[in-house]
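This report goes through selected local features of one protein model. The structure is shown first, and the notes follow.

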Amino acid sequence: MVEHSLNVNARIATRVREMRTAAGLSLEALASTCGVSRSMISLIERGESSPTAVVLEKLATGLGVMLADLFSPPAATPNPVARRAEQPSWTDPGSGYTRRNVSSSGTSNPIQIVEVHFPPGATVAFETGPREARVYQQIWLLEGAMEVALGADRHQLSAGDCLAMQLDRPTVFHNPTREPARYAVVIASIPLSLR
């Protein structure tokens, strides 16, 4: 498992560096865009830091990509099938939640599926910022219970419930129980020019 985590951190390092370079952004420019310090971005790009989900979400927003894109292999060969063994999994060092990118990364598709295992009592708060696309999510709770806050709106979810939301305000995920929760996230992004 340690080796797998090192591989994912190396992949994140490569993807952030490649995406920043492709966007023509210096470390300073990306730092000012996303609110993550230049030194932290440099550590991440060198694979010397295990960034939290909150930091990665800020980087993804600053780069104009989805969080799942930071885990995708660079220049993936197009394949509509994502085999279980090839689906990247990552554990947030801050909360302990584990996310697995279920969707194939080698195809151009505006829809992504992620599976999340959320530990008992854990909380993750995302500061959602402006994006180059309108992003919609549906959270389908498969096991356990979750509380999801979208700005001032609060939602209590039980197994089988599904929450439809737009990523346009701060979002907090919290497992208030002593049992782990498991849910699927279906993400769709629509470029603002198509609204």
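## Basis

Helices (H or I, at least four residues) and strands (E, at least two) are DSSP runs, numbered from the N terminus. The model is predicted, so local features need pLDDT of at least 70 and side-chain atom pairs count only at pLDDT 80 or more, while totals for chains, interfaces and linings use all residues. Residues are numbered from 1 along each chain as its sequence is written, and side-chain values use heavy atoms, with hydrogens and water left out.

## Surface patch and a loop residue

Isoleucine 111 belongs to strand 3, residues 111-118. Its relative accessibility is 43%, so isoleucine 111 counts as partly exposed; buried means under 20% relative accessible area, exposed over 50%, and partly exposed in between (1.4 Å probe, protein chains only). Together, Ile111, Ile113 and Val186 make a nonpolar surface patch of about 220 Å². Patches are built from residues with over 30% relative accessible area and no salt bridge, like charges being joined within 9 Å and nonpolar side chains (Val, Leu, Ile, Met, Phe, Trp, Tyr) within 5 Å. Accessible areas come from the Shrake-Rupley method with a 1.4 Å probe, and for residues only the protein chains shown count as cover.

Alanine 23 sits in the loop between helix 1 (2-22) and helix 2 (27-34). It is partly exposed because its relative accessibility is 45%. The C-alpha atoms of alanine 23 and leucine 63 are 7.4 Å apart, although the two residues are separated by 40 residues along the chain.

## Serine 95

Serine 95 is found in the loop between strand 1 (89-91) and strand 2 (98-101). With 15% relative accessibility, serine 95 counts as buried. Its side chain makes a polar contact of 2.8 Å with the side chain of aspartate 92, and also reaches the backbone nitrogen of tyrosine 97 at 3.2 Å. A polar contact is a pair of N or O atoms within 3.5 Å; within protein, one must be able to donate a hydrogen and the other to accept it, and residues adjacent in sequence count only if both atoms are side-chain atoms.

Leaving aside residues up to four places away in sequence, serine 95 touches Pro119, Ala122, Thr123 and Val124. Contact here means heavy atoms within 4.5 Å.

## Salt bridges

The whole structure holds 10 salt bridges, each a side-chain nitrogen of Lys or Arg within 4 Å of a carboxyl oxygen of Asp or Glu. One of them joins glutamate 48 to arginine 46, with the closest N and O atoms 2.9 Å apart. Glutamate 48 is exposed at 52% relative accessibility, whereas arginine 46 is partly exposed at 48%.

Arginine 100 and glutamate 115 form another, with closest N and O atoms 2.3 Å apart. Arginine 100 lies in strand 2 and glutamate 115 in strand 3, so this pair ties together parts 15 residues apart in sequence. Both residues are buried. Aspartate 153 pairs with arginine 169, the closest N and O atoms being 2.9 Å apart. Aspartate 153 is in strand 7 (residues 153-158) and arginine 169 in the loop between strand 8 (162-166) and strand 9 (171-174), so parts 16 residues apart in sequence are tied together. Salt bridges that share partners link Arg100, Glu115, Glu143 and Arg182 into one network.

## Strands 6 and 7

Strand 6 (residues 145-150) pairs with strand 7 in the antiparallel sense over six bridges; two strands pair if DSSP finds at least two bridges between them. Glutamate 147 has glutamine 156 in strand 7 as its bridge partner. The hairpin has two residues between the strands, and glycine 151 takes a positive phi near 60 degrees there.
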